[in-house]
Amino acid sequence: MELTIDKKQELRRKAGILKQYEIYGYQVAYFLLENEALAEQAAMNALTEMLHNAPFFLQSPQQQQQSAKQAVIRHSLLVKGAASKSDPIPR
């Protein structure tokens, strides 16, 4: 499947916007999780969610930052929950 020039430009635009929240998202996730691997996973999941959320890209930068923060917090909690379910119970 070949992308048209318009679609490529749109993906580049979205990537540029998401890149602004990459480090911020990791920092928020790491603050909550205190674990590099889990923070990376949570941040990536949040960025993926934002990529597929068309209204996110229509928001003001301030609204985008708030939406990004909420997505990272949500995914941090999900990652933490999944990690705790897979950890063996200490005896």
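Trainee: What should I know before I start?

Mentor: The model is predicted, so local features need pLDDT of at least 70 and side-chain atom pairs count only at pLDDT 80 or more, while totals for chains, interfaces and linings use all residues. Residues are numbered from 1 along each chain as its sequence is written, and side-chain values use heavy atoms, with hydrogens and water left out.

Trainee: How many helices and strands are in the chain?

Mentor: Helices (H or I, at least four residues) and strands (E, at least two) are DSSP runs, numbered from the N terminus. Here the chain has three helices and zero strands, in the order α-α-α from the N terminus on.

Trainee: Is the chain more spread out or more compact than the globule rule gives?

Mentor: The radius of gyration is taken over C-alpha atoms, and the globule rule is 2.2 Å times the number of residues to the power 0.38. For 91 residues the rule gives 12 Å, but the chain has 15 Å, well over that, so it is more spread out than a compact globule. Along the principal axes, its C-alpha atoms fill a box of roughly 60 × 35 × 20 Å.

Trainee: What share of the residues counts as buried?

Mentor: Buried means under 20% relative accessible area, exposed over 50%, and partly exposed in between (1.4 Å probe, protein chains only). In this chain, 27% of the 91 residues count as buried.

Trainee: How do I read a pair of aromatic rings?

Mentor: Such a pair is described by the distance of the centres and the angle of the planes. Rings of Phe, Tyr and Trp (its six-membered ring) pair if their centres lie within 6.5 Å; planes under 30 degrees apart count as stacked, over 60 as edge-to-face and the rest as tilted. The whole structure holds three aromatic pairs. In one of them, the ring centres of Y21 and F56 are 6.0 Å apart with planes at 75°, so this pair is edge-to-face.

Trainee: Where do Y21 and F56 lie in the chain?

Mentor: Y21 is in helix α1 (residues 5–33), and F56 is in the loop between α2 (36–51) and α3 (61–86), so the pair links distant parts of the chain, 35 residues apart. Both residues are buried. Ring pairs also join Y21, F56 and F57 into a cluster.

Trainee: And what kind of pair do Y26 and Y30 form?

Mentor: Y26 and Y30 are stacked, at 6.1 Å centre to centre and 25° between the planes. Both lie in helix α1, four residues apart, about one turn of the helix. Y26 is partly exposed, with a relative accessible area of 30%, and Y30 is partly exposed at 35%.
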